Amino acid sequence: MGQGLGLALSSRRWRAVVSEFPASRLESILHEGEASAPGPVVAADRTGSIITGAPGPEAVVAPGRTGPHRAGFTLVELLVVIAIIGMLVGLLLPAVQQAREAARQLSCGNNLRQIGLASLSFSSQHTHFPSAGWSYKFAGDATMGVGKSQPGGWAYSLLPYLEQDALYQLGGTRSDTTESGNKSYAEQAIQVPLSVFICPSRRTVKLYPKRYANSNVYPINCTLVSMTSKGDYASNYGTGNLGDNAYRLNVESYREAKSANYTATGNNTGVIYAGSEIAPEKIYDGTSNTFLLGEKYLSPENYDGGTDSVYCHSDDNGILFGTDPDTCRMTSVRPYADRQGFMNNETPVNFGGPHPGGLRMVMADGSVHSVSFSVDGTIFQALGTREGNEAYLLP
C-alpha cells in the first residue's frame with residue numbers, strides 16, 4: 001500500500017515532502033538504500049517512513065546539489081577578466097624590463113672591473129699602463145712587446161691578463177714580410193668575439209662589419225677582413241687631439257713602420273694614448289681621481305654596422321687595433337647618452353653609453369664608478385687629466 005501511495009503523490013506534494021524532510025536524514029536514507037535495496041530509495045514522509053518508487057518526469061534533486069546544467073561566463077565578465085589581466089601585465093612589464101637592464105648594467109660593470117684589474121696587473125709587471133698602439137692601420141703583434149713598440153691597441157696588450165694569452169700569442173710567429181701567410185695569424189686574432197669588451201645593454205657578442213674591407217692599404221700587418229671583433233669601451237686619451245699622433249705613422253710596409261722610431265707627440269693629458277708609457281706614480285692628480293678608461297658613445301643606428309655613416313669611424317675598425325676613436329676617447333667633451341640619430345663633430349671622440357642616467361668609468365686605481373650624463377664639463381675634463389693639479393672627486 002505504501003508503494004501505491006508513493007506513486008499517487010502529485011509533483012507538488014512530492015516537493016513539499018522532500019523540502020520539509022531534513023536534508024541530512026534524507027541523504028543518509030538514500031545512501032542506505034543504494035547500499036542494500038535493489039531499487040532506488042527516493043524520499044520519505046514526515047514520519048520517517050520510506051517512500052519507494054520511481055518519481056514522475058519532474059525529478060526532485062536533494063537540497064544543496066547542483067543540477068545538470070551550469071551557467072558560463074557572460075561576455076561582460078569575460079571582458080572584465082581580460083582587462084584585469086592586461087592591467088597586471090602592464091604593471092609587471094616595466095618591472096621586468098628594469099630588472100633585465102639592472103642585470104645588464106651589472107654585467108657591464110663586471111666587464112669594466114675585469115679590465116681595470118687587468119690594467120693594474122699589466123702595470124705591476126711592466127711598470128706602466130698599456131699603450132693605445134700606433135694607429136688604426138695596425139693589428140696587435142705579440143713579437144713587438146709592450147708600450148710604444150706595440151702596434152696593437154690597449155685591449156690587445158691586456159689579453160694575457162684577461163685569460164686570453166692564446167689569442168695574444170696568435171701573431172707570435174709573424175715576420176717582417178707582408179706575405180699573406182704571416183698576416184693570417186693576425187686575421188685569426190681579430191676575428192674572435194670577446195664578451196669582456198662588449199656591453200650587453202648595447203649589443204651581443206659576435207663579429208661586426210669592418211670598414212676598408214676592400215682596401216689595399218688597411219691594415220698593414222693583417223689580412224683584409226670584412227668582419228671583426230668590436231668593443232664598447234675606450235681608453236682615456238685626455239684633452240689632446242686624437243689626430244696629434246695617432247695618424248702620423250704614414251708608412252707603406254710593416255718593415256718600414258718598425259724602423260720609424262715612433263714616439264708620442266702632441267699634448268696628451270690622459271693615461272692611455274698612442275705611444276704612451278704612463279706609470280701609476282706619474283699620475284700626479286692621484287690614481288683614484290683620474291680616469292683610465294670607460295664606456296664610449298655610439299649612436300644606436302651604428303650598433304650593428306658602423307660602415308656607412310659620416311661619423312661611423314668611431315666604431316668601424318675593431319677593438320684589437322691601434323689608436324683610433326674606436327678604442328680611445330677624449331674628456332674635453334662631456335659624455336652623452338646613446339641617442340638615435342644624434343651625431344656631430346664631438347660624438348666620435350666622446351665617452352657615453354646606453355644605460356639610463358649615466359655611464360661607468362674605470363679609475364687608474366682599478367675602481368669602477370658611475371658618472372651622470374649631466375656631470376659638469378669642467379669636472380669631467382679634470383678627471384681625465386693625469387697632472388692638471390685638479391683633485392676633483394666624483395659627485
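This is a predicted model: local features need pLDDT of at least 70, side-chain atom pairs count only at pLDDT 80 or more; totals for chains, interfaces and linings use all residues.
## Close-up views of side-chain contacts

View 1. R104 is partly exposed, with a relative accessible area of 30%, whereas E101 counts as buried at 14% relative accessibility.

**View 2. R203 forms salt bridges with D232 and with D315.** The side chains of D232 and R203 meet at 2.8 Å, N to O, and this pair links distant parts of the chain, because D232 lies in the loop between β4 (227-228) and β5 (233-236) while R203 lies in the loop between α7 (180-190) and β3 (208-209), 29 residues apart. For D315 and R203, the closest N and O atoms are 2.9 Å apart, and here the partners are 112 residues apart, with D315 in the loop between β6 and β7 (328-329).

**View 3. Charged side chains lie over aromatic faces at R203 and K210.** R203 lies over the face of Y208, at 5.1 Å from the ring centre. K210 lies over the face of F321, at 5.1 Å from the ring centre.

**View 4. Two of the eight aromatic pairs are W134 with F138 and F291 with F380.** The ring centres of W134 and F138 are 5.1 Å apart and the planes stand at 80 degrees, so this pair is edge-to-face; both residues are buried. The rings of F291 and F380 have their centres 5.2 Å apart and their planes at 50 degrees, and the pair is therefore tilted. F291 in strand β6 (residues 291-295) and F380 in helix α9 (residues 377-383) are 89 residues apart, and the pair links distant parts of the chain. Both F291 and F380 are buried, and together with F351 they form one aromatic cluster.

**View 5. C199 is a buried cysteine in no disulfide.** The structure has zero disulfides, and the cysteine sulfur nearest to that of C199 belongs to C108, 3.8 Å away. C199 has a relative accessible area of 1% and is buried, and C328, at 0% relative accessibility, also counts as buried.

How values were computed
Residues are numbered from 1 along each chain as its sequence is written. Side-chain values use heavy atoms; hydrogens and water are left out. A disulfide is a pair of cysteine sulfur atoms within 2.5 Å. Buried means under 20% relative accessible area, exposed over 50%, partly exposed in between (1.4 Å probe, protein chains only). Rings of Phe, Tyr and Trp (its six-membered ring) pair if their centres lie within 6.5 Å; planes under 30 degrees apart count as stacked, over 60 as edge-to-face and the rest as tilted. Helices (H or I, at least four residues) and strands (E, at least two) are DSSP runs, numbered from the N terminus. A charge sits over a ring if NZ of Lys or CZ of Arg is within 6 Å of the ring centre and within 35 degrees of the ring normal. A salt bridge is a side-chain nitrogen of Lys or Arg within 4 Å of a carboxyl oxygen of Asp or Glu.
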